[in-house]
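Keep the viewer open and try each task before you read on.

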Amino acid sequence: MNICVLPPRPYQHFLRGLSRTPFQRCRFIFHASTHLGSGIPCAQPLNSLRLHCAKWMLLSKGFQRKLSVQTTLKDPTEGLSDKEQRLVDKLYTGLIQGQRACLAESITLIESTHSRKKELAQVLLQKVLIYHREQEQLNKGKPLAFRVGLSGPPGAGKSTFIEYFGKMLTERGHKLSVLAVDPSSCTSGGSLLGDKTRMTELSRDMNAYIRPSPTRGTLGGVTRTTNEAILLCEGGGYDIILVETVGVGQSEFAVADMVDMFVLLLPPAGGDELQGIKRGIIEMADMVAITKSDGDLIAPARRIQAEYVSALKLLRRRSAVWRPKVVRISARSGEGITEMWDKMKEFWDLTLASGELIARRQKQQKVWMWNLIQENVLEHFRSHPTVREQIPVLEQK
């Protein structure tokens, strides 16, 4: 990040003022003709001010007589102890080598709410992001992984579907990561994290990684750090990321802002089909899959499929190249799952070729940025000493 400032004379007061601002840990670049006065040589570190001069900078003619200060971010690894540096290096090296234990420890680090561990997590994420960009450049700018969000009401068979679907993908040579989000208790704050126990075969597969995480009160069916976890999984070499959200309500589709494709799983014979799930989440779905389409439920599954095909025609399309599909699947018999994967690959190819996939990811990064800003501003506000003192009084009033 570069910030150019045109400071007033005398420059000495300006620079000393900077030493009392958040820009203390930045590097400054000055125009060659700038005279900073005695006691502030520009060619060497300004130790007395805790400011560092990086190099001379030539400006355009219009600014020949002005002083320009350009700041660049400090190396994120500065300020770490040797032990912390070794931990970050160990996690990063193990992660990019595909070690599942290091991936698990990295996700635990980014999920931590401890302030120092949050700083370590940011350093690790910076390293992974640089590696991620390098790998994308080697891949001719194409995304490294296909991100798929799965949502649906409780009992729709999400975990059973992921078990069968995941085994099929790993047998075809893919590396699969499943980020399963479980709701946290409002009373105790605990979470069952039972998704992994329902995927016994897949959890033993060395080409699959399943990570259950608690919501900790985060709305939208995802966790506070799901975006970061997706990045870490991609850094670990997983080319398909499945994000399974908590049982869906009217607003549990924040996952649509994190993935390339959003798949809604619905059980047959749930009753109140078009009203119960509500329009909001149907509008976000790129594919609707009617589960448990076997045995006595085949007839109701076909009826619901026809109803949703009709309903989707009335909704505005999110994509110019893709019309949402409605499929019937059975994780017990395997019916329709191969065809569903073929349609998902078709979606990937169409949106990638049209540029929609890249545009969607760029839009998602903006959403991610603003979510982080909102979260950090609120946290900063609540932890401010004056506010912290007033909160009990205001709550009592």
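**Exercise 1. Decide whether Ser151 is buried or exposed, and find which side chain it joins in a polar contact.**

Solution. Begin with accessibility: Ser151 has a relative accessible area of 0%, so it is buried. Here buried means under 20% relative accessible area, exposed means over 50%, and partly exposed lies in between, using a 1.4 Å probe and protein chains only. Helices (H or I, at least four residues) and strands (E, at least two) are DSSP runs, numbered from the N terminus. Finally, look for the partner: the side chains of Ser151 and Thr245 are joined by a polar contact of 2.8 Å. Such a contact is a pair of N or O atoms within 3.5 Å; within protein, one must be able to donate a hydrogen and the other to accept it, and residues adjacent in sequence count only if both atoms are side-chain atoms.

Before you go on, a word about the source: this is a predicted model, in which local features need pLDDT of at least 70 and side-chain atom pairs count only at pLDDT 80 or more, while totals for chains, interfaces and linings use all residues. Residues are numbered from 1 along each chain as its sequence is written, and side-chain values use heavy atoms, with hydrogens and water left out.

**Exercise 2. Work out which strands pair with strand 8, and in what sense.**

Solution. Take strand 5 (residues 146–151) to begin with: it pairs with strand 8 in the parallel sense over five bridges. In this pairing, Leu150 stands opposite Glu244 of strand 8. Then turn to strand 6 (residues 176–182), which also pairs with strand 8 in the parallel sense, over five bridges. There, Val178 stands opposite Leu242 of strand 8. Two strands pair if DSSP finds at least two bridges between them.

Now check the burial of strand 8 itself. Five of the five residues of strand 8 (residues 240–244) are buried, so the strand is largely enclosed by the rest of the structure. Both of its faces are covered, with Ile240, Leu242 and Glu244 buried on one side and Ile241 and Val243 on the other.

Thr226 lies in helix 7 and counts as buried at 4% relative accessibility. Leaving aside neighbours within four places in sequence, Thr226 is in contact (heavy atoms within 4.5 Å) with Leu179, Val243 and Met258.

**Exercise 3. Classify the ring pairs Phe161–Phe165 and Tyr209–Tyr238.**

Solution. The structure holds seven aromatic pairs. Rings of Phe, Tyr and Trp (its six-membered ring) pair if their centres lie within 6.5 Å; planes under 30 degrees apart count as stacked, over 60 as edge-to-face and the rest as tilted. The centres of Phe161 and Phe165 are 5.0 Å apart and the planes are at 15°, so the pair is stacked. These residues are four apart in helix 5 (residues 158–171), about one helical turn, and both Phe161 and Phe165 are buried.

For Tyr209 and Tyr238, the centres are 6.3 Å apart and the planes at 40°, so this pair is tilted. The pair links distant parts of the chain, with Tyr209 in strand 7 and Tyr238 in the loop between helix 7 and strand 8, 29 residues apart.
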